[in-house]
Protein chains: 2
Amino acid sequence: MGSLTSSSSLTINQEKLASSLHESCQFGAAHRWGKSTEETGMARLALDDTDKQVRDWLMEQAKTLGLKAFVDEMGNQFIVRPGKHSDMPPVMMGSHLDTQPTGGRYDGILGVISGLEALRTLVDSGYETEGPIGLVNWTNEEGARFPKMAVSSGVWAEAVPLQTAWDLREVLAKDGAPKSMKEELDRIGYCGEHKASYKSNPFAAHFELHIEQGPILEDEKLKIGVVKGVQAFKWFNITVKGRDSHAGTTPLYARKDPVLAACKLVAAANFIAHEFQGLATTGIFTTDPGTVNTMAHTATFTLDLRHVQDEVLAEMVKACETEFQRICKDDSEQGCEVQWELLVDSPAVEFHSDCIAAVEASAADVCSSLPEAQGGKQLWKYMISGAGHDSCYTNMRVPTSMIFTPTRSGISHNPTEYCSPEDCALGANVLLGAVLRYDKQRAKPSS
Amino acid sequence: MGSLTSSSSLTINQEKLASSLHESCQFGAAHRWGKSTEETGMARLALDDTDKQVRDWLMEQAKTLGLKAFVDEMGNQFIVRPGKHSDMPPVMMGSHLDTQPTGGRYDGILGVISGLEALRTLVDSGYETEGPIGLVNWTNEEGARFPKMAVSSGVWAEAVPLQTAWDLREVLAKDGAPKSMKEELDRIGYCGEHKASYKSNPFAAHFELHIEQGPILEDEKLKIGVVKGVQAFKWFNITVKGRDSHAGTTPLYARKDPVLAACKLVAAANFIAHEFQGLATTGIFTTDPGTVNTMAHTATFTLDLRHVQDEVLAEMVKACETEFQRICKDDSEQGCEVQWELLVDSPAVEFHSDCIAAVEASAADVCSSLPEAQGGKQLWKYMISGAGHDSCYTNMRVPTSMIFTPTRSGISHNPTEYCSPEDCALGANVLLGAVLRYDKQRAKPSS
């Protein structure tokens, strides 16, 4: 691609972006932490009633803008505005509207609503793009209800078989037997007729605006992350089997206590993560059956291991395997058995250089107008995403990159998650600028 | 009291004892571990349908023996055989028929069925005791379903208010809202009309035969434990509060991870227990809400701390408090908050010297006839119980002591819990001998 100069003077309306975002959050608002209407978190689990409501709201928004919208068989929602050349695939802006059970108002939501406001800005201004520009709301990105994150962009990328996704069952059944994704798609009327595939529904590129979900931009007083890739991660379910026996009458030497062993393993994984400068997290820990005065026979916990390099992540896993084995064999909990089950294996991702370049040019342009940029201070930096995103799957099939905005205290997956209206609008403008740059560039003959 | 010579030549029928025990275990049998009918564990939770069935069976047994049976308002079942002096309170044999969710066939059950067979032996022989002799099946000793162990002997001893006990709600609701003890007593028809009180329903003494639930008798090739008391224990519910945030984007330095902190606390409690030669056990560990890639905001775990001396137990608790505080304040999980809730406080118990003397005399007598006793080997020893029992409460109001039998590999609260038919019968004979000695002694004028 050639040079990427400023594309237009189009600007997203900060107030409208904020009001759209909070309007969409009326569906699934939960976990109040402050007095104002907007000071709550979210509990909008994929395909639940509130997710249906926000989907209906999004369809209504598309209708108001006079744009075509459609839904594929994974419930992914697409809204597309035509350009000069209708034969071109659309440049897409995408993220997700589902949240964690104790989630916030920005993770995923900011990306979708910014895309919507970008489309509104194009419609309102009558700006004519080269090819179509579109928005996608991916289903169940969080993997919080149906335990496979970004599963629906995965089906679109043909990296996850449709049936596997449809058969996923909710982690916690509210009432009765756990429901499958297909059952819930049907129930809320969002199992669309379009095939979920990049082949029948191709994109030109995919751009995703997202909150950083970490403290780096805030700590370094920066405004935008130009995301070059995503760190590798692996999710495991670890089962430790011991022997249930009486807490009052079993001497310490005679115990095979899986809960104590599992606690030592969790602490060991954390120690290893420190050593390798990676991350280790246990979010779920259960004991079975266990009462106050009986050791459980089984303890299970999840282990999420991450590192920016695939090779180092592999070494971390190996170090954990060795240490877990040692603790269960030679430590006081000798005789406990440890079993590993791999749930997710997500290698490190490198985004497309053309998309990164478009984001970088847009970030440089938008940031340069800020008062903080006086004296030539650069307010953006290259980053590697700590979290997985739908963009990891789209990147398998089409040029992709991401944009990060600051996140207060680095807190995400928490009701108090926050990105200021100014920072949201800044991110949305970088998104729009990147999309328009990419769109303009693709129309040019290769240089 | 004076000397305690051999009281009679009455002997419990070993085969009948075994067949009665396993007949009673048809109600609630679960967790098969071997091929024969008897090679299962038990899941007979207090006041569930199988507990009702075994209670009905016990009432039927009393009827067959022509003995009076009644039930108090806590569902405690009493069966009494009259003696020469009907104005005397009965010498009682007591234990419990409820089990842990993955329990065995001996814990509690052996004590009740041995009492039943002792009564049968008295009836069959026509032996006339000085005062009445009786049997009691205490409700919800395990505290596994309704979270307060030995609660019903506690009400009888007026150490636990009736309403407090009635209001206890089941730990895990099978369906719908958790039911209260009172609701379940009413449902299965075992909320009797007799007041649950040692005042209106007095005993002369309480003897409890129980499996050791530990490895000591087996390790030392002994047959009977003459139990002089019960170690002190305290049960706590520990809550650790941190901050839920994203597993992939929150650097280790910025975390307040309550799961990691709680794991370190569990390991620390175990270390402290080793140091003080006491016991520390965590049977239940939960995370809230927690998903694979989100730290929980709260981790909770139970902590069962034990020591034979009250003062040392107090020191253990203090050491845990200090260390927990240190870990949550200065360790990597700085900023987590730890809260202690005391669930049970059971001080060390010293049984009554008269009852201990009766058990000792009976044990010496019964054991001396065994082939292993050749050469004068003493096959019994004094012991301190590691577990709490109904006898702790009865001991508050009437002379009490206990008898222990060997337990294979020391395993209890486990489906494979086992005490051989020979050892069961030996224990039952020691029980009968102790009761008859105590009964004979009480009729004598004080020496």
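The model is predicted.

**Exercise 1. The second largest pocket**

Determine which strand of chain A gives the most residues to the lining of the second largest pocket.

Solution. Begin with the space itself: the second largest pocket holds about 550 Å³. Its lining consists of 25 residues, and the closest to the centre are Ile216(A), Gln231(A), Gln277(A), Leu279(A) and Pro251(B). Next, consider the strands: in chain A, strand 12 (298–307) and strand 15 (380–385) each supply at least two lining residues. Strand 15 of chain A gives the most, with 5 residues.

**Exercise 2. Asp423(B)**

Decide whether Asp423(B) is buried or exposed.

Solution. First locate the residue: Asp423(B) belongs to helix 12 of chain B, which covers residues 421–443. Its relative accessible area is 11%. A residue counts as buried under 20%; therefore Asp423(B) is buried. Beyond its neighbours within four places in sequence, Asp423(B) is in contact with Lys223(B), Thr405(B) and Pro406(B).

**Exercise 3. The two chains**

State which kind of axis relates chain B to chain A.

Solution. The same surface serves both copies, as 100% of the contact residues of chain B recur in chain A. Within chain B, the residue that comes closest to the rotation axis is Cys263(B), whose C-alpha lies at 2.2 Å.

Notes. Residues numbered from 1 in each chain as written. Chains lettered and ligands numbered in written order. Predicted model: local features only at pLDDT ≥ 70, side-chain atom pairs only at ≥ 80, totals over all residues. Heavy atoms only, no water. 1 Å grid on protein atoms, 1.4 Å probe; cavity = no way out; pocket = protein on both sides within 12 Å on 5 of 7 lines; lining within 4 Å. Points joined across faces, edges and corners; volume = space filled by probe spheres on them. Helix = DSSP H or I, 4+ residues; strand = E, 2+ residues; numbered from the N terminus. Buried < 20%, exposed > 50% of the residue type's maximum accessible area, 1.4 Å probe, protein only. Contact = heavy atoms within 4.5 Å. Least-squares fit on C-alpha atoms with pLDDT ≥ 70 in both.
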